[in-house]
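Hi,

Here is the structure I said I'd pass on.

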Amino acid sequence: MKKIVMLLAGVACSMLLFSGCSDDKSKTSATVEKKSITIATTALAMPEVELGIEDLKKRGYEVNIKVLQDATTMCKAIENGEIDVALHPHKPWMDSYNSGNKTDIAMLTPYIHKNTFGLFSKKYTKADEIPDGAKIIIPQDESNMARSLFMMEQLNFIKLKAGVTSPTDLDIESNAKNVKIFKIHVHQVIASLDDADAAFSATLFAVSNKLDPKYQIATSQDADKFGVGFIIANKNKDTKWAKDILASYTTEKVREGINVIYKGSSIPGF
Amino acid sequence: MITIENLHKRYHDTEVLNSINITIDDGDIYGLIGRSGAGKSTLLRCINGLETFQGGSIVIDGVDIATLHDKSLRELRKNIGMIFQGFSLIDRKTVYENIAIPLECWHIPKPEQKERIEKLLKIVGLESKRDQKARDLSGGQKQRVAIARAMVMNPKILLCDEATSALDPKTTDEILELLLELNKEYGITIIMVTHQMSVIHRMCTKMSILENGHCMVSGDVKEVFLEQPQALQNLVGILECNLPETGINIEVLITDEAVGQQFHSDLSLSLKKPYKLINSSLTHYREGVLSAFVINVSQEDYQDFLDYFDANHLNYKRIERE
Amino acid sequence: MVDYSWNVIIFQIIFPSMGVTLLMVLCATVLACLLGFCLAIALFWVGKHGLSPNEKCYATLNIVVSFIRSFPFIILAISILPITRFITGSVIGWESALFPLTVAATPFMGRIFENCFKEVSLDLIDAARSFGATNLQIVFKILIPATLPSIVNGGVLSVIQILSLTTIAGTLGAGGIGASALIYGYQSFNDKIMYTLVIVLFVLVLAIQLLGDYVYKRIK
């Protein structure tokens, strides 16, 4: 056993060393006056990003858009200086990424939008109708899982260990309702709703799965904590161009756009 | 008895067998010889229905095999063993298990299986190898196993497709010896496809020569060698000697061994005419020895030589320079 | 990121996930072996040098096999969700994951077994025909006995393939070691858990390979 632990420790150390290496590659660009901005986002958030491009161009920037698969890729690209900012992950995710990878990526405030999150069910209309031993689906990525668990705690389904900031199902202290938890990929949660008693999900995925809004039987009160803003290398967060990006994306036009695009599953964050 | 009449087979547009007529009697050892691609293997495979044909008929003991399907065809095959150039054994199985496969397929009870297999192992001389895996055997031993497997259903006919082509001369001899023994002992009809003339010499009573899907010559091996038809010459290139430009060349073929040995002394003593010996060869075949001489005589003496050959009933032929 | 103790990692992650993984791999292997085997026989049966060649049948089977194999597993699993629900009554849990696993692994195994059968010399099949074996007897008394070691080798490949597919099946709620490596390791930025579980998977793969090699040597 001890040998295995040592081996693992060795592996873990070398991984940390690896991830530490790539930090300081692009320190040059900050001082020179910046004329071109590269924004990354996902295909899903593309319409939102498009809302501000025109205004940003008016401020004299050349704007490049890159569509990337996921938040981790975006963070790596920011660390490498391949992109300047990205709009996709929310604040708690960003924080846990930073602490897990010892990186220094900041999120600009105010946030651009906030994701709403809720409990969905086709069998029950109220959270307290959900019976003991119910099958409950939660997303399996860290931040959505944590959000689900916190909401479950609010609904008195479970009690979490005290002081855990980003819990997983291993941190459940007591399971009063004895619910059976299934961890499923965030994109598949709503599609699997028929096979469970209820599911926790960002409202966003209910909308993209065209789920009737009436099946959302509870909404989390924590939307403020889950703001989505532009992420940026910490050293760049006070530059003029960063401020210009914020200015272009906190307009009335963007606010209206967000309401139209997300149909309430995300609300403007400014 | 196997009667093949006017057999035609096509692959797409090419005729691979064309008007084949062959009769094979019970107990014969019949040789099918030809260059590769001549159609001899295809013809062999038509006999047990591994290949189909488009025209003509093959009748085995009164049964037209074109009328057979599934069950009846398999019943026919039960009576026709077959061996191949590549032995076709399951390498990871033992000698015993390999020979047992046909018995398993025909649901022969285990005790009878054992009896038959052990008897055959004795015949093919592999008693001591009974439980060895096939992959550990030599080529000759593998072919013996294949022969035992082919014989295990007590067939009346054995088809051999280039059965000795992968073996060295000594092993070839041993396998041929074994086949001759089987033929003698059990009266089994053997049909041998080969490209080795020595196999025909050694084994066969009758033969056919195939060329491009046609059967050029059929008959007793002895007669075919005496007649030296073009097809045989094409196959063996019998005139490999340089013929002189002057005089007349005569080839003499003698089947009687004693006569062959005396030929030259008799010829010179009786005729007292000069001649040049251009080539001579001895071919051992199943029922004796064929002596072939090529002599060169002058124009004036030619008729005297012919008279001598006629008087002594010798088989001769004038041959021309190419 | 929560820094879980080894106690938690071993008893709350590795042990339960291992059980699910082993069950999933075992059941999916058995199912995919049986079906893959039938598929391979079918492919070989109607194939060019097969027992009863049929060009159209072979082309059709060939296309179906290649079509399923071209699907990335996650997309295949999502595309057949309605069928999965119809057959297993649900789309979550490891029992339901067996269906997409089997669907994905069957063509893979079918191809591997087909290639095993193709190794058999045509003369050997002719020999079997020549002593009157039926097509089924050729399959069971010639093809399979002759290629058993290759079949075992191919089987080991397939089992390891299925093991790696279970990781992806885990994202659809099946659980298992691979899924835990993703959930508690990769997605939670917890390298300790991630690489521990990768090592567990490595040990599992090694064990399967060694077992396969042992069986191969025994039956060769």
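Below is what I found, going chain by chain.

Quick ground rules: this is a predicted model, where local features need pLDDT of at least 70, side-chain atom pairs count only at pLDDT 80 or more, and totals for chains, interfaces and linings use all residues. Residues are numbered from 1 along each chain as its sequence is written, chains are lettered from A and ligands numbered from 1 in the order in which they are written, and side-chain values use heavy atoms, with hydrogens and water left out.

Let's start with chain A. It has eight helices and 14 strands (DSSP runs numbered from the N terminus: helices are H or I with at least four residues, strands are E with at least two). Of its 270 residues, 53% are buried (under 20% relative accessible area, with exposed being over 50% and partly exposed in between, using a 1.4 Å probe and protein chains only). The average pLDDT (the predictor's confidence in each residue, from 0 to 100) is 85 for chain A, and 88% of the residues score at least 70. Watch residues 1–31 of chain A, though: the pLDDT there is below 50.

Now for who touches whom. Chains A and B don't touch, and their nearest C-alpha atoms are 42 Å apart.

Among the buried ones are C:I177, C:A181 and C:Y184. The buried residues of α8(C) pack against α5 and β10 of chain A, as well as α1, α7 and α9 of chain C.

Over in chain B, four strands make an open antiparallel sheet in the order β12-β13-β11-β14 (two strands pair if DSSP finds at least two bridges between them). Strands β12 and β14 of chain B are at the edges with a single partner strand each, so one side of each has no neighbour in the sheet. From one strand to the next, the twist averages 15° (axes are lines fitted to C-alpha atoms, for helices over the stretch in contact, and angles run from 0 to 180 degrees between N-to-C directions). Nine bridges join β12(B) and β13(B), and B:T283 stands opposite B:L290 in β13(B). Helix α10 of chain B lies across β11, β12 and β13 of chain B, at about 20° to β13(B). Helix α11 of chain B packs on the sheet too, touching β11, β13 and β14 of chain B.

Cheers

How values were computed: Contact means heavy atoms within 4.5 Å.
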